[in-house]
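Dear colleague,

Please find the structure below, handed over for your records.

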Amino acid sequence: MEGLSMIVSILVAGFTATQISYDHDVDPTRRSKMPDFYGYVPDTARDRQIVFIALLLISSSMMAIRSLIVVLLSSISLHYVGIYFAGDH
């Protein structure tokens, strides 16, 4: 049951990060101010779904990797976890 809880938490965090990135990219004001940076989400519905799913997978994977890093470092020493958080910006 703990594994399921962890998977759901990672997916929810990934979804939140994906939704923020997606909303920022499709905002017409941001796209007009910085067209070279924003605009990676295409205009067609199918392509938008593909990009959204890809963003969700990337965001969730990054959350899982970071969680695993913290677990592995904490098994060695909590001092390493502090160093990791200090340098992970």
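In this predicted model, aspartate 27 and arginine 30 are joined through their side chains by a salt bridge, at 3.7 Å from N to O. The term salt bridge is used here for a side-chain nitrogen of Lys or Arg within 4 Å of a carboxyl oxygen of Asp or Glu. Both partners are partly exposed: aspartate 27 has 24% relative accessibility, and arginine 30 has 31%. In these terms, buried means under 20% relative accessible area, exposed over 50%, and partly exposed in between (1.4 Å probe, protein chains only).

A second pair is formed by aspartate 43 and arginine 31, whose closest N and O atoms are 3.4 Å apart. This pair links distant parts of the chain, 12 residues apart: arginine 31 lies in helix H2 (28-33), and aspartate 43 lies in the loop between helix H2 and helix H3 (45-76). Helices are DSSP runs (H or I, at least four residues), numbered from the N terminus.

Aspartate 43 is exposed, at 63% relative accessible area. Aspartate 43 also meets arginine 48 in a salt bridge of 3.8 Å, N to O; arginine 48 is partly exposed, at 23% relative accessibility. The search of the whole structure finds four salt bridges.

Residues are numbered from 1 along each chain as its sequence is written, and side-chain values use heavy atoms, with hydrogens and water left out. As the model is predicted, local features need pLDDT of at least 70 and side-chain atom pairs count only at pLDDT 80 or more, whereas totals for chains, interfaces and linings use all residues.

Yours sincerely

How values were computed: Helix = DSSP H or I, 4+ residues; strand = E, 2+ residues; numbered from the N terminus.
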